[in-house]
Amino acid sequence: MSTTLFVAELVRAANEADRLSPWEAARLLERAIATVRELREAVGIPKDGTELDELIRLRAAAREAREGRKSSDLSSALLSAADMIRTLHIIVDSHTEIEITSFNSA
């Protein structure tokens, strides 16, 4: 599925989050997480993020959905996933690579 179609699917789902089954919500978020990871890897962003990494919130929303808990955060998580994928796709299309280096203070 193209990135553009998947982003549109996520936005539609966010607008109808109350109609999604727990399975549908969890599956969408899990696909989004996998897509973000692939796109991050394509541009050189490390797999391991910080505690502020948005993927942590997406994983929590997916877990809540799998457990059948309705979350008011679901719509926000779906929109956030769509935005992350759209932004990363733009970076991939521009052939920009990100190089992350660590600085050691001595």
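Start by selecting H3 and H4 in this predicted model: H3 passes H4 in a left-handed crossing. To see who touches whom, show the side chains of Glu54, Leu55, Arg57, Leu58 and Ala61 on H3, and of Ser76, Ala77, Ser80, Ala81 and Met84 on H4. Colour this contact by residue class and you will find six nonpolar, two polar and two charged residues.

Now draw the two axes. Two packed helices are described by the angle between their axes and the distance between the axes. For H3 and H4 the angle is about 140° and the axes are 10 Å apart. Angles over 145 degrees would count as roughly antiparallel, so this pair is oblique.

How far apart are its end C-alpha atoms? They are 28 Å apart, which agrees with the span its 20 residues should have at 1.5 Å a residue. Then pick out its buried residues: Leu74, Ala77, Leu78, Ser80, Ala81, Ala82, Met84, Ile85 and Leu88. Bring the other helices back, and the cover over these residues includes H1, H2 and H3. Just after H4, stop at His95, where phi is positive at about 60°.

Move on to H2, residues 22-43. Its 22 residues reach 32 Å from the first C-alpha to the last, close to the expected 32 Å. Among its buried residues are Ala25, Leu28, Leu29, Ala32, Ile33, Val36 and Leu39, and Thr35 and Arg40 are on the list too. Finish at Gly44, which follows H2 and has a positive phi near 95°.

Key
Residues are numbered from 1 along each chain as its sequence is written. This is a predicted model: local features need pLDDT of at least 70, side-chain atom pairs count only at pLDDT 80 or more; totals for chains, interfaces and linings use all residues. Side-chain values use heavy atoms; hydrogens and water are left out. Helices (H or I, at least four residues) and strands (E, at least two) are DSSP runs, numbered from the N terminus. The expected span of a helix is 1.5 Å times one less than its number of residues. Buried means under 20% relative accessible area, exposed over 50%, partly exposed in between (1.4 Å probe, protein chains only). Contact means heavy atoms within 4.5 Å. Axes are lines fitted to C-alpha atoms, for helices over the stretch in contact, and angles run from 0 to 180 degrees between N-to-C directions. Angles under 35 degrees count as roughly parallel, over 145 as roughly antiparallel, 65 to 115 as roughly perpendicular and the rest as oblique. A crossing is left-handed if the near helix is turned anticlockwise from the far one by less than a right angle, and right-handed if clockwise. Ala, Val, Leu, Ile, Met, Phe, Trp, Tyr, Cys and Pro count as nonpolar, Asp, Glu, Lys and Arg as charged, and the others, Gly among them, as polar.
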